[in-house]
Amino acid sequence: MVKFGAGGKLMAVLLGLAILGYASDRYLGRRRVLHRLGLVKDPPVALSTADFPPGAAAPVGDLVAVPPRPLRLATLPRGASAALLMTAGGPGLHRDSPSARAFGLEIELSLPADEAALAEALAKGGDRGGIDGAVLSVDRLAQLRKMLPEARLRSVLLLSRSRGHDALASAPSIEQIGALKGKKVAVCTGTPARYLLYWALSQANLTTADVELVQATSSADAARLFQEGRVEAAAALQSDLAGPVKERAGRLLSSTADAPHLIADLLVLRSDLIARYPDAARRAVRSLLESAESLRAEPTEGARLLAQFVPSLGDPFEALKTAPPALLTENLAFFGLRGDAPVRYDELFASAASLWKKLGEPSEAGQPADTRDLGPLLAASAAAPTGTLLGTASGAGPGRAGGMKAPE
């Protein structure tokens, strides 16, 4: 081992300082000089509206209660669309709609062609030719929150739970879910039926590698692939599968009737809309809750609207029964505000986000509480007089077959 005397140690220290000085001059000092001369530039930093609070452009003093234009919402074909169709007066803009008459809020409702069109409209926003909000299932929200960061989507209301609305059908030779191993299954990536499919596979201890997923463009496309015999099974809306199942003499292996708390459809709004015009969100929620109360007591008008504008759902009364409109009491329980629910929003959202992450897909990484805004719902609860909006109606109105029975 070499030992240094006092002179050697001093030389080592001086050498180290020299090296440090050279490096500083070479890599730091010179860069500062070159930067000042404009010969070196810092790399550009991409800026996004997501870098700033969504309410930064809100009117001073909350002078504007609602947007100076209609609230723009959208929905894909689902039974949960009934309350929205009813409160908006149908697709398009209806200035004499129930929402406009009772709450002074005009709603412009659109029916996008598919999931891609819906996501694109949400990304644009209502001020730029897109939409302010949409009907989304909790599992889909867990993906779109990540895919559309600038929208900062937030759930504000439970519209309905799927109770047989989404299903998994199979060929006659497949009698149980376990028999799907090694089979082709058609499903559309952006639909709640895909979430049901994964749940069903988990019940049979099957992995994603045990089945061959065939990507469909929509629920109807998945049903078509099944009808044509190109796959042995399909996950889609039950209404889309009814005809193909009958034609192939197949069967429904599973549906959300087996898991009535798995798929929940929400009204989801962009954060900039909520921040700039909070009263618009409050009025929309109150109007939708009133429509839900009316539909549960007497479903005829909602069924008429579904039959007229969403005929692909088949029997509209059946669509309403398999996706019953959620009342205020159900909302309060679902969001953990009052009452009990087997599965609450936070738990359902966290589970969905965890699954998508496990599958290596876009998934919200934040806390479930950051993905909801309960202000409009709390305002509706405070404004509701006793006996209205509170789910006190039994649902046994004079509608078809004695009316719709409220879910247990």
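Author: Two strands pair if DSSP finds at least two bridges between them. With that in hand, we can look at the sheet in this predicted model: 6 strands form an open sheet with mixed pairing, in the order 2-3-1-4-11-5. The edges are strand 2 (92–93) and strand 5, each of which pairs on one side only.

Reader: What makes strand 1 and strand 4 a pair, and in which sense do they run, parallel or antiparallel?

Author: The cut-off is at least two bridges, and 2 bridges join strand 1 to strand 4, so they count as a pair. They run parallel. Within this part of the sheet, L73 stands opposite G133 in strand 4.

Reader: And which strands pair with strand 11 in the antiparallel sense?

Author: Strand 4 (residues 133–137) does, over 5 bridges, with V135 opposite L267. Strand 5 (residues 154–161) does too, over 6 bridges, and there R154 stands opposite L269.

Reader: Why is strand 11 called largely enclosed?

Author: Buried means under 20% relative accessible area. In strand 11 (residues 264–269), 6 of the 6 residues are buried, so the strand is largely enclosed by the rest of the structure. In a regular strand the side chains alternate between the two faces of the sheet. Here both faces are covered: A264, L266 and V268 are buried on one side, and D265, L267 and L269 on the other.

Reader: What makes D279 and R283 a salt bridge?

Author: The rule asks for a side-chain nitrogen of Lys or Arg within 4 Å of a carboxyl oxygen of Asp or Glu. The N to O distance for D279 and R283 is 2.7 Å, so the pair qualifies. The two are 4 residues apart in helix 10, separated by about one helical turn.

Reader: Why is D279 called buried while R283 is called partly exposed?

Author: The line between the two classes lies at 20%. D279 has a relative accessible area of 19%, so it is buried. R283 has 21%, so it counts as partly exposed.

Reader: What about E330 and R296: where in the chain do they lie?

Author: E330 is in helix 13 (residues 328–334) and R296 in helix 10, 34 residues apart, and the pair links distant parts of the chain. Their side chains meet in a salt bridge at 3.1 Å, N to O. Both E330 and R296 are buried.

Reader: Why does the pair D340 and R344 count as a salt bridge at 3.7 Å?

Author: The limit is 4 Å, and 3.7 Å falls within it, so the pair counts. D340 is exposed, with a relative accessible area of 73%, whereas R344 is partly exposed at 32%.

Reader: Why is P70 called buried?

Author: P70 has 10% relative accessibility, and the limit is 20%, so it counts as buried. P70 is in the loop between helix 1 (6–36) and strand 1 (71–74). Not counting residues up to four places away in sequence, P70 touches L93, E106, I107, E108 and D132. The C-alpha atoms of P70 and A280 are separated by 9.7 Å, although the residues are 210 apart along the chain.

Reader: Finally, what is the average pLDDT of the chain, and where is the pLDDT below 50?

Author: The chain averages a pLDDT of 87, and 79% of the residues score at least 70. Over residues 390–408 the pLDDT is below 50; beyond near neighbours in sequence, this stretch has 44 contacts in the model.

How values were computed
Residues numbered from 1 in each chain as written. Predicted model: local features only at pLDDT ≥ 70, side-chain atom pairs only at ≥ 80, totals over all residues. Heavy atoms only, no water. Buried < 20%, exposed > 50% of the residue type's maximum accessible area, 1.4 Å probe, protein only. Contact = heavy atoms within 4.5 Å. pLDDT = per-residue confidence, 0-100.
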